Amino acid sequence: MQRIALVTGANRGIGKEIVRGLARAGLMVFLGSRDEQRGATAAEELADDGDVKPVRLDVTDQWSIDGASCEIERVGGRLDVLINNAGINAGYNHPSEETAEALRKIYETNVFGVVRVTQVFLPLLGKSADGRIVNVSSLRGSIGDQGAWAGMPSMAYASSRTALNAITMHYARDLRDSTIRVFGAASGHVATDFNDFRGSRTPGEGAAIAVKLAVEDHDLCSGGIFDDAGQLPW
Ligand code: NAP
């Protein structure tokens, strides 16, 4: 039976490459985009890679999430893979210059957006025999020296990824007796709009760990955060 996936924020960057990887692996992939036209264009560009369908989804807009869920239920009847990829950056201010407003703005997409989308799609994921949620996170979410500072200050963004990692673990614990597993995927420093293309990795390289966690037959522990080399410490 063909597996069904949804990727949020997938009209460009790492998300678009995750869609490509999942489609090439044979999944039916819903390409989430907050802008209908940008989503349709990206889906067209990926048509040769497999079964890709655009769906409008803004992670800050409850109605658009509910609408996407209705569409996926109508077409597929269930969801096997949810990739929470949509995210925004917040510049590189020092913590002493950061405001609560700036944090609230970034958390709205990077944290609350993931919770909104996950809550809505859990019933459809519950219909899968092997449901997987992959939250696209970052080494910057790590509390250790390797993460929180990683060269540049970014309290708003880095702490949004720390919160995402914690949320990943909480969902994993809650769902441990279900058929759904939850993982975090750290993509490395990838050249996208997100960082004015300063990253050293290609979007395809950054997408690989999320695709692997979503499609490969593995027994990795639900709740873990992984990069290409394995599980990351907090
Ligand atoms: P990107 O090229 O800027 O792409 C971000 C995507 O998220 C775009 O498709 C954007 O849509 C979408 N998006 C933003 N707000 C949204 C919303 N409210 N609802 C739905 N979609 C929304 O960035 P990227 O580098 O591919 O980043 C993707 C994910 O990887 C992010 O979660 C980021 O934190 C994570 N990550 C990136 C890096 C890196 O080095 N680049 C490293 C670690 C983790 P629009 O086109 O409409 O703006």
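**The ligand and its shell**

Guide: Helix α1 (13-24), strand β5 (131-137) and helix α6 (155-174) each supply at least two residues of the shell around the ligand. Helices (H or I, at least four residues) and strands (E, at least two) are DSSP runs, numbered from the N terminus. This is a predicted model, where local features need pLDDT of at least 70, side-chain atom pairs count only at pLDDT 80 or more, and totals for chains, interfaces and linings use all residues. Residues are numbered from 1 along each chain as its sequence is written, and side-chain values use heavy atoms, with hydrogens and water left out.

Visitor: How many residues surround the ligand, and which are the closest?

Guide: The ligand has 29 residues around it, the closest being Arg 12, Arg 34, Asn 85, Tyr 157 and Thr 192.

Visitor: Which polar backbone atom is 3.0 Å from a nitrogen atom of the ligand?

Guide: One belonging to Val 59. A polar contact here is a pair of N or O atoms within 3.5 Å.

Visitor: How much of the ligand does the protein bury?

Guide: The protein buries 96% of the 910 Å² that the ligand exposes when taken alone. Those areas come from the Shrake-Rupley method with a 1.4 Å probe.

Visitor: Switching topic, what pLDDT does the chain average?

Guide: The average is 94, and 97% of the residues score at least 70. pLDDT is the predictor's confidence in each residue, from 0 to 100.

Notes: A residue is near a molecule or strand if one of its heavy atoms lies within 4 Å of it. A polar contact is a pair of N or O atoms within 3.5 Å; within protein, one must be able to donate a hydrogen and the other to accept it, and residues adjacent in sequence count only if both atoms are side-chain atoms.
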